[in-house]
Amino acid sequence: MPKVLLVEDNREISESVAQYLHMEGYEVDTCFDGVCALEKGVNPKYDIILLDVMLPEIDGFRVAQKLIHKAETPMIMITAKESIEDKLTGFESGAVDYLVKPFDLRELVARIQSVLGRSIKWDQYTSGEVSIDLKKRRFLFAGKEVHLTQKEYLIVEILLEKRGEVVTRSDIIEYVWGDEALFENDAKLDVYISTLRMKFGKSFIITVKGVGYQVVL
């Protein structure tokens, strides 16, 4: 049975979500403030953390920033904040998904299943000086820790999930930027690829001219 840590200061919402998740076959523990979230969130028994942003004591963004360095559990941010800036802050804090209130509980379960489904595919990859553990979000090059931004992480993730294949530029852009216009992010992709090569070595990602990119691991 998948284990969920639900961090939500509104007890009525927390009870409603917890009951629904129980009915869907999840085991749920609850927290109502950021301090509790930090204490429980480091426990490896949880498969996923549902993290509200507006929390007493310590807000959800700060909780996520702290947990990402201490735990390997994927986090979904749940909040009434819906601006693109807030969403970007959530992802940059370490969240793998972002759900805006009010939401349908069926959508929440679908998001959880999507994240847990992806986590099953997460694995360790080592080649030469590069060592990557997507599950733990741990990246090493020449024995030194490498920090990745959220978008860099997503690019690495899709390239590794399709390891052995050439991933088209449009597929990468859609995976990283979603529904945003292709032309707005085409040039940005070149910058991110260049940065990843600086972090992992020039041979980490190869360009297949006119098609896309392929990771070499």
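On a 1 Å grid over the protein atoms alone, a pocket is an open set of points with protein on both sides within 12 Å along at least five of seven lines, whereas a cavity is a set where a 1.4 Å probe fits but cannot get out; lining residues have an atom within 4 Å of a point. Grid points are joined across faces, edges and corners, and a volume is the space filled by probe spheres set on the points.

This is a predicted model, in which local features need pLDDT of at least 70 and side-chain atom pairs count only at pLDDT 80 or more, while totals for chains, interfaces and linings use all residues. Residues are numbered from 1 along each chain as its sequence is written, and side-chain values use heavy atoms, with hydrogens and water left out.

**Exercise 1. Describe the second largest pocket.**

Step 1: its space comes to about 500 Å³.

Step 2: look at the lining, where 21 residues take part and Ile68, His69, Arg137, His147 and Leu148 lie nearest the centre.

Step 3: sort the lining by class, which gives 7 nonpolar, 7 polar and 7 charged residues. Here Ala, Val, Leu, Ile, Met, Phe, Trp, Tyr, Cys and Pro count as nonpolar, Asp, Glu, Lys and Arg as charged, and the others, Gly among them, as polar.

**Exercise 2. Find the residues closest to the centre of the largest cavity.**

Step 1: the structure holds 2 cavities of 30 Å³ or more, and the largest has a volume of about 60 Å³.

Step 2: 11 residues line this largest cavity, with Ile68, Glu72, Thr73, Lys135 and Arg137 closest to its centre.

Step 3: the classes in this lining are 5 nonpolar, 2 polar and 4 charged.

**Exercise 3. Work out how helices H6 and H7 pack.**

Step 1: locate H6 at residues 150–161 and H7 at residues 169–177. Helices (H or I, at least four residues) and strands (E, at least two) are DSSP runs, numbered from the N terminus.

Step 2: the two pack at an angle of about 130°, with axes 9 Å apart. That makes H6 oblique to H7, since angles under 35 degrees count as roughly parallel, over 145 as roughly antiparallel, 65 to 115 as roughly perpendicular and the rest as oblique. Axes are lines fitted to C-alpha atoms, for helices over the stretch in contact, and angles run from 0 to 180 degrees between N-to-C directions.

**Exercise 4. Locate the cis peptide bond.**

Step 1: the bond joins Lys101 and Pro102, with omega about -10°.

Step 2: Pro102 sits in the loop between strand E5 (97–100) and helix H5 (105–121).
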